[in-house]
Amino acid sequence: MAARRRRAQKLQILGFFVLVALVPLAVHNRYYIHVLIFVGLNLILATGLNLLMGYAGQVSLGHAAFFGIGAYTSGILTATYGWNPWPAMVAALLATSAVAWLVGRPTLRLHGHYLAMATLGVGIIVSVVIRQTSSLTGGSSGLPGIPAMTLFGRELTTSMDVHYFYFVWAWVCLLTVVFANLVESRPGRALRALHDSELAAETLGVDTATFKVRAFVISAAYASIAGTLYAHSSMRFLSPTPFGFHTSIAMLVMVVLGGQGTLWGPVLGAIIITGIQEVLRPYTNWDIVVYGLLLMFMMIVMPGGVTRALASAWSAVTDRIARRRRGSGDE
Amino acid sequence: MRLGEGAAPRTGNGPGRGLCHIGDPPHVPESRAEPPTRGRGLFVSTGAHGEPADMTLLEQVWQFILSGMTTGGTYALIALGFSLVYNATGVINFAQGEFVMLGGMVTAASMTAWGLPLWLAALVGIAVTTVVGVILDRAAIRPARNASVVVLIIITVGASIFLRGLASIIWGPDERPVPAFSGNAPIAVLGASITPQSLWVMGATLVTAIAMWVIFEHTVVGKAMRACAINAHAAQLCGIELSRMVSWSFALAAAIGAIAGIVLAPITMTQYNVGTMLGLKGFCAAMLGGLGNGLGAIVGGLVLGVLEALGAGLVSSQYKDAIAFIVLIAVLLIRPSGILGGDTGGED
């Protein structure tokens, strides 16, 4: 059963990415390509957070901090110190993981609201630090001059957005496969046990503290990669704004709205939230009114997420069809 | 981000708006984003009447404590609102800060638009905010009563974003002044000076705290709300209508938030986006005092305000906004139940 599910899942992943790879053949508008790059980045963020929330069962209201540390480490090392983007990416990954480990070890002992608040605090502290260490980060005026990402000696420049699209989505693909394998592995099962009941997992010999911290570090690493990719995206300029409280909330919404603890939930969540933000973008001021309303409305209507809402709607439809068939058969 | 716009770094709303931008305050240039701490706001008295450099360290500390008590009074009121709603529903209401913003904005707007006297405008501010609080409960919280913590957090954050957006559409993006209640002549207190408005803030905190005590100890509604907080099921069996008590607590929380916003507005001015940070700080105060503990909220608010003022004044004013959260994390790790909390809080 499990083996069959895994094979089906592999086919789903393969199908999805083949579909994504074909998109640039049909879509020539560079604006859409640009938006799809951001869908990819959000997807990486959401997938990482999903590992922490949906599988390890821990909340984080400050994950934008790791996104920010990744982006700024990459940005500073390449723009200010002239590093090649690749070693900078590795350095960003290490820096983010180290911070996540330092933060995660003490805070993950907390539960519920207390964990939520501690992570929220971490997120805000990091965003204040980014804003205030202006000698390093450029502060509120931003960090300009980040070079383009290079691949095999070629620059993935702005004028060739499609190349960067493929680059970002290759990362999305890789990280999704890693995620899918991780959650089906023994540590993944341990995490899910932890999600259902920490006490039960503990009695079965799962070292819950270690697993929680590991999940936290991995999800931060995902955010770091998204941060690096963001720093080298077409804007190649960093300002502190996208690494604050509201990005942490947006990440949370992608995971919860999509359906936490599922492979495809965060994918849907990332697509929906990025889509909403892009559609609303031209309408100054009204954008946040409608966004706030939509957040409330969607969470009230689908507290379990879109994936579960769709699944239950689907089973309701099939039930009704089955019942009708049976009904007509009886007559 | 339209085609071709993304290439060059721009100021204003341009760069960085690419991802997850909605809900963030727009990216503003340095001078507006980070007002010099002493140039306006709570430290105005320090700046105007003798620079701290002229004072001895002890006098400085005393001055910072007084300024901190003023901010702390606001945090205390916001924390009280958090605790009220938390006790009634178990919900952390991220829209609490927007009540503060609404109180100040409605007061300022009804003074300029209708020429109301200050006291009447303040009453209008409190009334409007209270109604908004009840509507928030009925329209957004009640339908999701049984949802998970995370879902409720997202709903209240959504409400906060919505209210902020609405305020920016109705009243525009500019800061609005509210006149000081009784002049600006500084009052000397043991070598330090404070503005009369600071006394108003502390007075409002004290009066509100006493009013809350009276309500919860001596009125039927207050006792019923306490009963619901202790055991909602048992309270309902005694004939207390839970949903009405929840509405009451939202109404009270909103009114208290509005009061905080109104007494603070003459000091800091008011703007559509002041609510988020004030709300989060008030939240730190509530955690510091022990979530759901009324007296703890007051103590937590004052302690937080003083720590923040001392930290900003003596250590670094740049990292002022981080201080509250550093304190929060320290408290969570050392004593998660807060200063006055009894139970074990969030730890294993």
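pLDDT is the predictor's confidence in each residue, on a scale from 0 to 100. In this predicted model, local features need pLDDT of at least 70 and side-chain atom pairs count only at pLDDT 80 or more, while totals for chains, interfaces and linings use all residues. Residues are numbered from 1 along each chain as its sequence is written, with chains lettered from A and ligands numbered from 1 in the order in which they are written.

For the complex, the predictor gives an ipTM of 0.87 and a pTM of 0.85. Chain A has a mean pLDDT of 86, with 97% of its residues at 70 or more. Among the elements of chain A, the lowest mean pLDDT, 72, belongs to strand β2 (residues 154-156), and the highest, 94, to helix α3 (residues 64-79). Helices (H or I, at least four residues) and strands (E, at least two) are DSSP runs, numbered from the N terminus. The average pLDDT of chain B is 81, and 82% of the residues score at least 70. Residues 1-51 of chain B have pLDDT below 50, and this stretch makes 95 contacts in the model beyond near neighbours in sequence. Two residues are in contact if their C-beta atoms, placed from the backbone, lie within 7 Å. Residues 344-348 of chain B also stay under 50, with 15 contacts in the model beyond four places in sequence. Where pLDDT is low, the predicted coordinates should not be read in detail.

Chain B contains 13 helices and two strands. Of its 348 residues, 55% count as buried. A residue is buried if 20 or more other C-beta atoms lie within 10 Å of its own, exposed if 12 or fewer, and partly exposed in between, with C-beta atoms placed from the backbone. Among contacts in chain B between residues at least 6 apart in sequence, 72% join residues at least 24 apart.

Within chain B, helix α7 (residues 196-218) and helix α8 (residues 220-230) pack at an angle of about 80 degrees, with their axes 5 Å apart. This angle makes α7(B) roughly perpendicular to α8(B). Axes are lines fitted to C-alpha atoms, for helices over the stretch in contact, and angles run from 0 to 180 degrees between N-to-C directions; those under 35 degrees count as roughly parallel, over 145 as roughly antiparallel, 65 to 115 as roughly perpendicular and the rest as oblique. Ile215(B), Phe216(B) and Glu217(B) of α7(B) meet Gly222(B), Met225(B) and Arg226(B) of α8(B). By class, this contact of α7(B) with α8(B) has three nonpolar, one polar and two charged residues. Ala, Val, Leu, Ile, Met, Phe, Trp, Tyr, Cys and Pro count as nonpolar, Asp, Glu, Lys and Arg as charged, and the others, Gly among them, as polar.

The contact of the two chains takes 62 residues from chain A and 59 residues from chain B. On the side of chain B that touches chain A, two or more residues each come from α1 (30-33), α6 (149-171), α11 (275-289) and α13 (320-334) of chain B. The largest share of that side, 16 residues, comes from α6(B). By class, the side of chain B that touches chain A has 38 nonpolar, 13 polar and eight charged residues.

Gly165(B) is placed in helix α6 of chain B and counts as buried, with 23 C-beta neighbours inside 10 Å. Not counting residues up to four places away in sequence, Gly165(B) touches Asn285(A), Ile288(A), Val289(A) and Gly292(A). Asn285(A) is found in the loop between α12 and α13 of chain A. Asn285(A) has a positive phi of about 70 degrees although it is not a glycine, and with 18 C-beta neighbours inside 10 Å it counts as partly exposed.

Helix α13 (residues 286-301) of chain A has 16 residues and reaches 22 Å from its first C-alpha to its last, close to the 22 Å expected at 1.5 Å a residue. The expected span of a helix is 1.5 Å times one less than its number of residues. The buried residues of α13(A) include Ile288(A), Val289(A) and Gly292(A). Its buried residues pack against α11 (245-258) and α12 (265-280) of chain A, together with α5 (118-141) and α6 of chain B. In helix α10 (residues 208-231) of chain A, 20 of the 24 residues are buried, so α10(A) is largely enclosed by the rest of the structure.
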